[in-house]
Amino acid sequence: MLLKRLLALVMMVMVMSLLALPAGLSAQDSERETYRSPGGLLTFEYPAGWVVDDSDTIGILIASSETTLTADTIPAGELGILLFDPAVMGELAAEIAPDADNTPVDTVELLLEIFLGSDDTTITSPAAPFTLGERDAARATVTVDTGDDGGDALVFALDMGDGFMLAAIVVSAPGEIEQAELPARDLLLSAQYTPQWYAILSGHNDWVNAVTFSPDGATVASASDDRTVRLWDAESGEQVAELSGHVDFVLSLAYSPDGTQLASGSYDTSVIVWDVESREPLATLEGHSLPVNAVAFNPDGARLASGSADATVIVWDLDSGEPVTTITFEASVVGLDYSPDGSLLAIGGATNMVWLWDVESGERVHVFEGLDGDIKAVTFSQDGSLLAAVSESGTVYVWDAASREQLHLLAGTDTYSNAYDVAFSPDGSTLAVAGENPAVVALWDTGSGERIAVLEGHFDRVHSVAFSPDGTRLASGSYDNTLRLWDV
């Protein structure tokens, strides 16, 4: 999980990497360059000639006065700054000290707690508040004694507003931390943080696999590898309920059209249909032999389709809880959606094709073939005129649902190395695509086929996206264990 990986990286970097930065230009360069982070909108200025390395993990980066990344120790006159994206700091704080006040002093103490994982560190001065520019800040000093690789360190935290803390650990050669403090403060003073999201929804302790809005837009539901379904207030971002019933990862979600029921499919091979008001199970549907990757209600809410890794789609009658149709696909079913009029069922999965299944006749009526890789999601636009599919390779297809002609190839492997979900805005004008490498949500204009926005902020694979019913908000679920709500 993300936080475990971040903590492991911090421990490794603090004991090894920061004390192994290479030689290069002096920290006193007068010319400035600007850095913009790939995960969130963090910018700062740094002396020309420095190196900024964000390749180890999203959300943590090293700014260094060095240039070659080959030396074993920090030479005299050089320094390295380990910076933590404010959203990463928020996640670390929620994991390690969820009851602490959100202040710069708390953030410094959190980093010192991590820093002191090594027996070779000593706090020279404890966390103390001060003001940096017009922002509240805190700092502490630490010495590191690891023989020839030792050094001195400063730990900073800076309040960026709206509860976000920018944290930094500054490392220099022994005895040179005072000279390192001025360029470090200059860098922090120049920092700006402008997140694109409306809210971060934290509560899951494992990957978030699916998100969906209730039909009235008041609630966001999420499904996670932590075996729970959680309900969130879409305005405040607060968790309002936790639904526990599955005994393995929860992979898929769908609200009934009237919003009274919520279906969840699981790695445990079952589908649970929940009563939204009582938050109790109405039925547990068992018939698949492998994980249930997709669920979809038909437009009148009387039937539910479930798609499984066992290469079948089962259509259930919800009054009786019995299957009425079983469709055998050619591979694991991952994507599933009813057309708005209920006449067609689109099916995609671990094969390079999408089927259209005629619900009344019970026959396959069209196949979109020769697609680029396994299909991860399929969806109709709300008016039924468009059908979109996304493949794991990152290719996004948009077809005219009536003529079945391809209208757009919106993205390719030059944009995403992987993509996992796709969603139309209610008016069909915008298509959201959830991606990995980079971990972003891309928004595309379905008329022009042009990309119109990229939403950055998640720190791991974005696995699911959903528009609010009025089209003003977008929810995304990620393998960083969080959801984000975006104003779109």
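**Chatting about rings, cores and strands**

Student: Hi! Let's start with F164: does it count as buried or exposed?

Tutor: F164 counts as buried, because its relative accessibility is 15% and the cut-off for buried is under 20%. Keep in mind that this is a predicted model.

Student: Okay, rings next. How many aromatic pairs are found in the whole structure?

Tutor: Searching the whole structure turns up 13 aromatic pairs. One of them joins F164 and W197: the ring centres are 6.1 Å apart and the planes meet at 70°, so this pair is edge-to-face.

Student: Why is it called edge-to-face?

Tutor: Because the angle between the planes is 70°, and planes over 60 degrees apart count as edge-to-face.

Student: And which parts does the pair tie together?

Tutor: F164 belongs to strand β9 (residues 164–172) and W197 to strand β11 (residues 197–202), so the pair ties together parts that are 33 residues apart in sequence.

Student: What about W197, buried or exposed?

Tutor: W197 has 7% relative accessibility, so it counts as buried.

Student: Which residues form a stacked pair?

Tutor: Y397 and W399 do: their centres are 5.6 Å apart, with 5° between the planes. Both Y397 and W399 are buried.

Student: Back to W197: which cluster do ring pairs link it into?

Tutor: That cluster holds F164, Y193, W197 and W486. W197 also has the charged end of R484 over its ring, 4.5 Å from the centre. Elsewhere, R364 has its charged end over the ring of W355, 4.7 Å from the centre.

Student: New topic! Which residues have the most contacts inside the largest nonpolar core?

Tutor: That core has 67 residues, and those with the most contacts inside it are F44, I81, L83, V170, L187, L188 and L474. There is also a second, separate core of 16 residues, which includes A296, L336, W357 and V367.

Student: Last one: why is strand β21 largely enclosed?

Tutor: In β21 (residues 303–308), 5 of the 6 residues are buried, so the rest of the structure largely encloses this strand.

Student: Which strands does β21 pair with?

Tutor: On one hand, β21 runs antiparallel to β20 (residues 292–297), joined by 5 bridges, with A294 opposite G307. These two form a hairpin with 5 residues between them, and G301 in the turn has a positive phi of about 75°. On the other hand, β21 pairs with β22 (residues 312–317), also antiparallel and over 5 bridges. Here S306 has I314 as its bridge partner.

Student: How many residues lie between β21 and β22 in their hairpin?

Tutor: There are 3, and A311 in that turn has a positive phi of about 70°.

How values were computed. Residues numbered from 1 in each chain as written. Predicted model: local features only at pLDDT ≥ 70, side-chain atom pairs only at ≥ 80, totals over all residues. Heavy atoms only, no water. Core = buried A, V, L, I, M, F, W, Y, C linked by side-chain atoms within 4.5 Å. Buried < 20%, exposed > 50% of the residue type's maximum accessible area, 1.4 Å probe, protein only. Phe/Tyr/Trp six-rings, centres within 6.5 Å; stacked < 30°, edge-to-face > 60°. Helix = DSSP H or I, 4+ residues; strand = E, 2+ residues; numbered from the N terminus. Lys NZ or Arg CZ within 6 Å of the ring centre and 35° of its normal. Pairing = 2+ DSSP bridges.
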